[in-house]
Amino acid sequence: MTATFQHWGMAHEWAWFFATIIGILVIALPLMLAVAMIIYAERKIWAAIALRRGPNVVGPWGLLQSFADGLKVFLKETIIPTSANKGLFLIAPIVTFTVALIVWAVVPFQAGVVLADVNVGLLYILAASSLGVYGVIVAGWASNSKYPFFSALRAAAQMVSYEVSIGFVLITVVLYAGTFNLSAIVLEQRGFGLGIVNAFGFNLLLFPMWVVFFISSMAETFRTPFDLVEAESELVAGHQTEYSSMSFALFWLGEYANVILMCALNAILFWGGWLPPVDWAPLYWIPGIIWLFLKMSLFFFMFGWVKATVPRYRYDQLMRLGWKIFLPLSLLFVVLVSGWLMLTRFA
């Protein structure tokens, strides 16, 4: 796109600037639309599992329900508690929403279709996604209310606990792929599983790591059964308790953008990303972005399925799973993968 603008007579700096802005909008705007639609889809999943109907009034089949909810939230008044730190109170949801968006800069949707195809894309995602906890902590502290503050402390402990396990899981993927570049990781999965399947997930050493990553990704995004940060029976609405109007909506947009991101990472790191399951006709005739979307949809369905069926963990169970099970297990598999690769690649 930069070359096209230069061909039209634009200077290189301005051509690069406008091409980057267009690339950001091409990712951000569909992502916002996707957030609205997956909220609708998730409510339909919950309803189907509970033998209910879900949204079915606003628009055909209830498709416009999320937009109606968004309009209602937009028209509400933004209320700031008298004793709150007003500056930080308003900045917190912006931080959460912004961090949820910047991570998508390195996510490849297809071969060559990525905003920034950097060599350290996986490290960038790990670093940027870990910043999301700051929005939660700032919101909990700035509200000057005990329930949001308790929620902020829980969020900090929970994210730190499961990011450690996620980091070790990513090490095993990097060891097999030999790169931190997400596009290269996808390409390394071509024909990897059983010699024909395009996925790391069929490897006996990496499949358990995908299970750990999938469960940890639910904990990282505060999803059921790990939604202790927003446990209604204990903390009302957690760090969002004092928020209303669009500031409340930004938290939700950021949360679901992170959920979609985790679905994308599950597909990209373990299940072939934009590659078809096998390189057979007519499967490889389908555009790669369609395959990525289908895999993300499957993982999102699994997220919704778990939320509708699994009861919430106690906080001691949450911490025990992260520190006493996932951390030793992921560390063990780092050693096993390293030993196996040393034995087979460099023997």
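Reply: From the N terminus on, the elements run α-α-α-α-α-α-α-α-α-α-α-α-α, that is, 13 helices and zero strands. In this predicted model, the radius of gyration is 21 Å, close to the 20 Å that the globule rule gives for 347 residues, so the chain is as compact as a globular protein of that length. The C-alpha trace spans about 65 × 60 × 45 Å along its principal axes. Of the contacts with a separation of 6 or more, 74% join residues 24 or more positions apart, and 46% of the 347 residues count as buried.

The core itself comes next. The largest nonpolar core holds 68 residues, of which Trp104, Leu182, Ile185, Phe213, Leu269 and Phe270 touch the most other members. Two or more residues are given to this core by each of helices H2 (12–49), H5 (121–129), H7 (146–177), H8 (182–188), H9 (207–220), H11 (245–270), H12 (288–309) and H13 (315–345). The largest share, 13 residues, comes from H11.

Leaving aside neighbours within four places in sequence, Leu182 is in contact with Val106, Val107, Pro108, Gly121, Leu122, Ile125, Ile268 and Leu269. Of these partners, Leu269 is likewise among the core residues that touch the most other members.

Apart from this core lies another, of seven residues, including Ala92, Ala139, Ala142 and Phe251.

How values were computed. Residues are numbered from 1 along each chain as its sequence is written. This is a predicted model: local features need pLDDT of at least 70, side-chain atom pairs count only at pLDDT 80 or more; totals for chains, interfaces and linings use all residues. Side-chain values use heavy atoms; hydrogens and water are left out. Helices (H or I, at least four residues) and strands (E, at least two) are DSSP runs, numbered from the N terminus. The radius of gyration is taken over C-alpha atoms; the globule rule is 2.2 Å times the number of residues to the power 0.38. Buried means under 20% relative accessible area, exposed over 50%, partly exposed in between (1.4 Å probe, protein chains only). Contact means heavy atoms within 4.5 Å. A nonpolar core is a set of buried Ala, Val, Leu, Ile, Met, Phe, Trp, Tyr and Cys residues joined through side-chain atoms within 4.5 Å.
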